[in-house]
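Let's take a walk through this structure, one contact at a time. Have the picture open while you read.

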Amino acid sequence: QVRLIESGGGLVQAGGSLRLSCVASGRTSGFGHNVMGWFRQAPGKDGEFVAAVRQNDGMPYYSDFVEGRFTISRVNANYGMNLQMTSLKADDAGVYYCASGTFGYSRPESDYFKGSEYQNWGQGTQVTVSS
């Protein structure tokens with residue numbers, strides 16, 4: 001079984017930066033998940049898509065509210081990714097979850113934005129932004 005382990009969360013002032021990491025551990029041989037993504041959930045709010053990266057070519061995808069401020073990158077194909085967050089705002093606070101999934105070539109890219117399409121989830125890492 002493959003586990004996703006997040007790290008890098010913490011407390012940062014508004015306008016500051018943090019880098020989150022997610023690493024797949026366990027039986028990664030043959031790990032076929034080809035898209036990894038970040039989702040976040042703030043207290044009292046629904047979870048929302050943040051960013052995703054396609055493992056075979058590193059193509060990134062961003063939600064509108066983080067584009068230009070966050071950068072997602074893969075670490076190794078099928079093994080991990082980073083999320084560099086800059087110009088953080090109070091609205092960026094929440095628990096950030098790493099997710100991975102297998103998306104066939106016929107699947108539309110819009111599926112990458114849907115949490116329900118991912119098969120594997122990490123435990124989450126807390127990001128707190130102070131004003």
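Asp57 is partly exposed, with 38% of relative accessible area; that label sits between buried, which is under 20%, and exposed, which is over 50% (1.4 Å probe, protein chains only). This is a predicted model, where local features need pLDDT of at least 70 and side-chain atom pairs count only at pLDDT 80 or more, while totals for chains, interfaces and linings use all residues. Residues are numbered from 1 along each chain as its sequence is written, and side-chain values use heavy atoms, leaving out hydrogens and water.

Which side chain does Asp57 meet in a salt bridge? The partner is Arg54, at 2.7 Å from N to O. A salt bridge here is a side-chain nitrogen of Lys or Arg within 4 Å of a carboxyl oxygen of Asp or Glu. Arg54 counts as buried, at 17% relative accessible area.

Arg54 also forms a salt bridge with Glu109, where the closest N and O atoms are 3.3 Å apart. Glu109 sits in the loop between β9 and β10 (120-121) while Arg54 belongs to strand β5 (residues 48-54), so this pair ties together parts that are 55 residues apart in sequence. The strand names come from DSSP runs numbered from the N terminus: strands are E runs of at least two residues, and helices are H or I runs of at least four. Glu109 is partly exposed, with 39% relative accessibility.

Another salt bridge joins Asp92 and Arg69, with 2.7 Å between the closest N and O atoms. This one links distant parts of the chain as well: Asp92 is in the loop between β8 and β9, and Arg69 is in the loop between β6 (60-62) and β7, 23 residues apart. Both Asp92 and Arg69 are buried. They also belong to a network of salt bridges that links Arg40, Glu48, Arg69 and Asp92. The structure holds 8 salt bridges, and here are some of them side by side.

| Salt bridge | Closest N to O distance |
|---|---|
| Glu109 and Arg54 | 3.3 Å |
| Asp92 and Arg69 | 2.7 Å |

Now for the rings. A pair of aromatic rings is described by the distance of the centres and the angle of the planes. Rings of Phe, Tyr and Trp (its six-membered ring) pair if their centres lie within 6.5 Å; planes under 30 degrees apart count as stacked, over 60 as edge-to-face, and the rest as tilted. How many aromatic pairs does the structure hold? There are 9. In one of them, the centres of Phe49 and Phe113 are 4.4 Å apart and the planes stand at 40 degrees, so the pair is tilted. Phe49 is in strand β5 and Phe113 in the loop between β9 and β10, which puts these partners 64 residues apart. Phe49 is buried at 8% relative accessible area, whereas Phe113 is partly exposed at 32%.

Phe103 and Tyr112 make an edge-to-face pair, with 5.1 Å centre to centre and 80 degrees between the planes. Both Phe103 and Tyr112 are buried. Step back and you'll find a cluster: ring pairs link Phe39, Phe49, Tyr61, Phe103, Tyr112, Phe113, Tyr118 and Trp121.

Next, a sheet. Its 4 strands run in the order β1-β3-β8-β7, the sheet is open, and the pairing is antiparallel. Two strands pair if DSSP finds at least two bridges between them. At the edges are β1 (2-7) and β7 (70-74), each with a single partner strand, so one side of each has no neighbour in the sheet. Inside this sheet, β3 and strand β8 (residues 80-85) run antiparallel and are joined by 6 bridges. Ser21 stands opposite Asn82 in β8.

The link of Cys22 and Cys98 is left-handed, with -70 degrees about the S-S bond. Is Cys22 buried or exposed? Cys22 is buried, at 0% relative accessibility, and Cys98 is buried at 0% too.

One last stop is Ser87, in the loop between β8 and β9. Most residues other than glycine have a negative phi. Ser87 has a positive phi, near 50 degrees, and is partly exposed at 39% relative accessibility.

Conventions:
A disulfide is a pair of cysteine sulfur atoms within 2.5 Å.
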